[in-house]
Amino acid sequence: MQIGFIGLGKMGGGMSRRLARSGIEVHGFAPSEESRQSVATSGVITHGSRTDLLGALGEKPVVWVMIPAHLVSTEINELLELLPESSIVIDGGNTPFEQSVDHGIQAVNNSIRFLDIGVSGGQVGEQQGYAMMAGGDRSAFDAVEPFIRELCQPDGYNYFGEAGAGHFVKMVHNAIEYGVMEAFAEGFELIHDGPFKNVDLSNVAKVWQNGSIIQSFINNLAIQIFADNPELEGIDGKVNMLGEAQWAVEFANAVGKDLGVVDYAIKKRAASQTGDVSFGTKYLAATRNAFGGHSLNKISAESKKDSTRNV
């Protein structure tokens, strides 16, 4: 079995290394030499160009694209022109589901099998396993399921329907993530600023993680975050954000659904970027950094590039 990755950053790099360590022949391409070197030591066979990558993948390549959303359509269009019939293209980024619907149609017109797979798990997924939500060509899913099984935790993946379904489910997942994180942020801030001083928030999170109904991956991160930095010093509280939760709110509004909790969480993050910061927004920034390696402070280019969608 062999597979090729285009994009070897935080997520694509981790996924390619995890597969290579399992004994699968993994090829990878990224424009950055640093990114290529970061996976080569784990057994990933790297290439200096897309053409070289595709040439190494045989007659019916499987290509997994892990790049920022604003670059995906261009990459998919180029691959559809280059790949032979019956090849498989997987978009594993955070692409708007409407674009994935279109990519699925384009792929069928080019006799290419397309999958949109939303990936969750952040940087820790490389060691712990990811969760994956798939849509697109069912035969393609069946063909690549051995790769997905190696990447994911047990019961951590499934197929949800035609092209777009995977990214739609992942969009809603990310919207829920915003709401859950905001609830924790408000709770930890209330304890921190409450009438009982010097409450150890790391111990609070630890108790909540053992037998409590709010135990979770996100709460588990708080144990170490507060153990390392109880007052969240050095964090300015300006929370960067990508676009998926906003896309969910926009879609919900269009179909007459209310995502009030998610909408409020988005507005809190947006307000933080203009200076409305608090202990809670510092916690949000710290948590994003813990699971995804996102910036602790400055508003980075990721917010500007991926917060709007081109549909």
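Helices here are DSSP runs of H or I with at least four residues, strands are runs of E with at least two, and both are numbered from the N terminus. The model is predicted, so local features need pLDDT of at least 70 and side-chain atom pairs count only at pLDDT 80 or more, while totals for chains, interfaces and linings use all residues. Residues are numbered from 1 along each chain as its sequence is written, and side-chain values use heavy atoms, with hydrogens and water left out.

I start with Thr 95, in the loop between β5 (88-91) and α5 (97-109). Thr 95 counts as buried because its relative accessibility is 3%; buried means under 20% relative accessible area, exposed over 50%, and partly exposed in between, with a 1.4 Å probe and protein chains only. Contact means heavy atoms within 4.5 Å. Leaving aside neighbours within four places in sequence, Thr 95 contacts Ala 69, Val 72, Ser 100, His 103, His 167 and Trp 247.

Next, the helix α4, residues 69-82. Residues of α4 that meet α5 include Ala 69, Val 72 and Ile 76, and on the α5 side His 103 is one of the partners. The residues of this contact divide into five nonpolar, five polar and no charged (Ala, Val, Leu, Ile, Met, Phe, Trp, Tyr, Cys and Pro are nonpolar; Asp, Glu, Lys and Arg are charged; the others, Gly among them, are polar).

Last, α7, residues 138-151. Which residues of α7 are buried? They are Ala 140, Phe 141, Val 144, Glu 145, Phe 147, Ile 148 and Leu 151.

How values were computed
The expected span of a helix is 1.5 Å times one less than its number of residues.
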